[in-house]
Amino acid sequence: MVVLQARFIKFTGALKTMLSENSPAPTAPSARRFALRNGTWATHQQLDSQIGTLNTPAAYKRYLYTVYLLRSGIEETLRLTPWPEQFGTWRPSPLSPALLSDMQDLGLTPSKAATFPRPLSASALLGALYVVEGAALGARLLIKQAAALGFNAQFGARHLAQQTASNQEWATYLTLLETAENFNEAEAITAAQNVFSFGLAALHLADHAAEQIQYG
C-alpha cells in the first residue's frame, strides 16, 4: 500500500477511457468536458499505452487486476465522501463487485487496494468522476476484445457488460458537469489526472503480483 501511495503522490475505463473523444473540442456547452479531456491527455495515453491491447488471456488478467485495484480504491473513497447537493440522489454505480467476481472466475486474488485521496471540492469530485464514468466509453471496445478471448457477461467480463448496458450514467454525469456552479477547471483537471496516476500505480502492483500469479 505504501508503494502504491508513494507512486500516486509522485506521479492515465483497461482502462482505455474516452476513446470516442478524439475530435476537436467544441464550444459550450461541452467546453468543460473537453477541457478535462485535453488536460488529462498525456497521463491518459501513458496508462493506455502501458496496458496495451487485451489480445491474450495474460494481458486481460493483468488489465483486470489493475482495474479492480483502481476501482475498489476509488469507490471506497466515494462511499465515504460527502456529496454536494447539486448531485441530488445520483451516485455512480459501483463496479468493484462485478470486478471481484470476474477476478474469481479467472483464479485471481487481488491485494488490498490503497484508498484514493478524498476530493476536497465539488469541482475535484467532478474531475475524478470524469474518469470513473468515462471508462464506460472505452468499455465498448474492451468488451469486444474480451469476447474474442472467451470472456462474457457470465464469465470474466461482468464488469464490462455492466458498463456497456446503458449510457444513462454518463449522460447524467455530463449534465452535472456542465451545469455545476462555481466550477474550478484546474481543480477538476488535477483530480482527473490523479485518477489516471492512481491507475498507473495500480498497474505497477499488478505487474508486481505477476511475479507470484500465473496470468497465462
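A: Gladly; handedness comes first. A crossing is left-handed if the near helix is turned anticlockwise from the far one by less than a right angle, and right-handed if clockwise. Helices here are DSSP runs of H or I with at least four residues, strands are runs of E with at least two, and both are numbered from the N terminus. By that reading, α2 passes α9 in a right-handed crossing.

Q: What kind of model is this, and how are residues numbered?
A: The model is predicted, so local features need pLDDT of at least 70 and side-chain atom pairs count only at pLDDT 80 or more, while totals for chains, interfaces and linings use all residues. Residues are numbered from 1 along each chain as its sequence is written, and side-chain values use heavy atoms, leaving out hydrogens and water.

Q: How many helices and strands does the protein chain have?
A: The protein chain has nine helices and zero strands. Read from the N terminus on, the elements run α-α-α-α-α-α-α-α-α.

Q: At what angle do the axes of α2 and α9 cross?
A: In general, two packed helices are described by the angle between their axes and the distance between the axes. Axes are lines fitted to C-alpha atoms, for helices over the stretch in contact, and angles run from 0 to 180 degrees between N-to-C directions. Here the axes of α2 (residues 31-39) and α9 (residues 185-209) cross at roughly 50° and come within 9 Å. Angles under 35 degrees count as roughly parallel, over 145 as roughly antiparallel, 65 to 115 as roughly perpendicular and the rest as oblique. The two helices are therefore oblique to each other.

Q: Which residues in α2 and α9 meet?
A: Contact means heavy atoms within 4.5 Å. On the α2 side there are Ala 35, Leu 36 and Gly 39, and they meet Glu 185, Ala 188, Ile 189, Ala 192 and Gln 193 in α9. The residues of this contact divide into five nonpolar, two polar and one charged. For these classes, Ala, Val, Leu, Ile, Met, Phe, Trp, Tyr, Cys and Pro count as nonpolar, Asp, Glu, Lys and Arg as charged, and the others, Gly among them, as polar.

Q: Where is Leu 149, and what does Leu 149 touch?
A: Leu 149 sits in the loop between α6 (122-148) and α7 (158-164). Not counting residues up to four places away in sequence, Leu 149 touches Leu 54, Asn 55, Thr 56, Pro 57 and Tyr 60. Pro 57 is 92 residues from Leu 149 along the chain, with 6.6 Å between their C-alpha atoms. For accessibility, buried means under 20% relative accessible area, exposed over 50%, and partly exposed in between (1.4 Å probe, protein chains only). Leu 149, at 23%, is partly exposed.

Q: How many salt bridges does the count come to?
A: A salt bridge is a side-chain nitrogen of Lys or Arg within 4 Å of a carboxyl oxygen of Asp or Glu. By this rule the count comes to five. One of them joins Glu 75 and Arg 71 (3.1 Å, N to O), and both residues are buried. They are four residues apart in helix α4 (residues 57-80), so about one helical turn separates them.

Q: Which helices does the pair Asp 105 and Arg 158 link?
A: The side chains of Asp 105 and Arg 158 meet in a salt bridge (2.1 Å, N to O). This pair links distant parts of the chain, with Asp 105 in α5 (residues 96-105) and Arg 158 in α7, 53 residues apart. Asp 102, Asp 105 and Arg 158 are linked in a network of salt bridges.
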